[in-house]
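Q: I'm new to this one. Can you walk me through it?

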Amino acid sequence: MLVVTVHVHVKPEFVDAFREATLDNATHSVNEPGVARFDVIQQDDDPTRFVLIEAYRTADAPAAHKATAHYARWRDAVEPMMAEPRHAVRYRSVHLPD
């Protein structure tokens, strides 16, 4: 399993809009066959910072995810909300409970 964390820093005035767009993306993403999990977390002491935790069943699943309409809608909606470019880190699963 492949796990990707996407680190996002949002402009303060866009926190609510970012949450709304990201929750829409996450809700649709968990229905993709290649997505095992799609978690969205927000930092307690800085609500402008989010991490998306995406767990994919196969190495090809991230590309399939990026080809969906809901991902494109999210990407285009949140781009102007970013305080800095988002960045992703890829991990290989050592242990993930079912």
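This is a predicted model: local features need pLDDT of at least 70, side-chain atom pairs count only at pLDDT 80 or more; totals for chains, interfaces and linings use all residues.

Q: What covers the buried residues of H3?
A: The cover includes H1, S3 and helix H2 (61-66). Helices (H or I, at least four residues) and strands (E, at least two) are DSSP runs, numbered from the N terminus. Buried means under 20% relative accessible area, exposed over 50%, partly exposed in between (1.4 Å probe, protein chains only).

Q: Which residues of H3 are buried?
A: His 70, Tyr 71, Trp 74 and Val 78. Down the axis of H3, these buried residues fall within an arc of 100°, so they line one face of the helix. The arc is that of the directions from the helix axis to the C-beta atoms.

Q: And which exposed residues does the face turned away carry?
A: Ala 69 and Asp 76.

Q: What does Trp 74 contact?
A: Leaving aside neighbours within four places in sequence, Trp 74 is in contact with Phe 18, Ala 21, Thr 22, Asn 25, Leu 52 and Arg 86. Contact means heavy atoms within 4.5 Å.

Q: What about Val 78?
A: With neighbours within four places again left aside, Val 78 is in contact with Phe 18, Ala 21 and Thr 22. Val 78 counts as buried, at 0% relative accessibility. Val 78 and Thr 22 are 56 residues apart in sequence, and their C-alpha atoms are 8.3 Å apart in space.

Q: Which residues touch the most other members of the largest nonpolar core?
A: Val 8, Phe 18, Trp 74 and Val 78, out of 20 residues in that core. A nonpolar core is a set of buried Ala, Val, Leu, Ile, Met, Phe, Trp, Tyr and Cys residues joined through side-chain atoms within 4.5 Å.

Q: Which elements each supply at least two residues of this core?
A: Strand S1 (2-9), helix H1 (15-29), strand S2 (35-42), strand S3 (49-56) and helix H3 (69-78).

Q: New topic. In what order do the strands form the sheet?
A: The order is S2-S3-S1-S4, in an open sheet of 4 strands with antiparallel pairing. S2 and strand S4 (87-92) stand at the edges with a single partner strand each, so one side of each is left without a neighbour in the sheet. Two strands pair if DSSP finds at least two bridges between them.

Q: How many bridges do S1 and S4 have?
A: They pair over 6 bridges, in the antiparallel sense. One example: Thr 5 has Val 89 in S4 as its bridge partner.

Q: Where does H1 lie?
A: H1 lies across S1, S2 and S3, running at about 165° to S2. Axes are lines fitted to C-alpha atoms, for helices over the stretch in contact, and angles run from 0 to 180 degrees between N-to-C directions.

Q: Last one. How many salt bridges are there?
A: The structure holds 5. A salt bridge is a side-chain nitrogen of Lys or Arg within 4 Å of a carboxyl oxygen of Asp or Glu. One of them joins Asp 24 and Arg 73 (3.0 Å, N to O). That pair links helix H1 to helix H3, 49 residues apart.

Conventions:
Residues are numbered from 1 along each chain as its sequence is written. Side-chain values use heavy atoms; hydrogens and water are left out.
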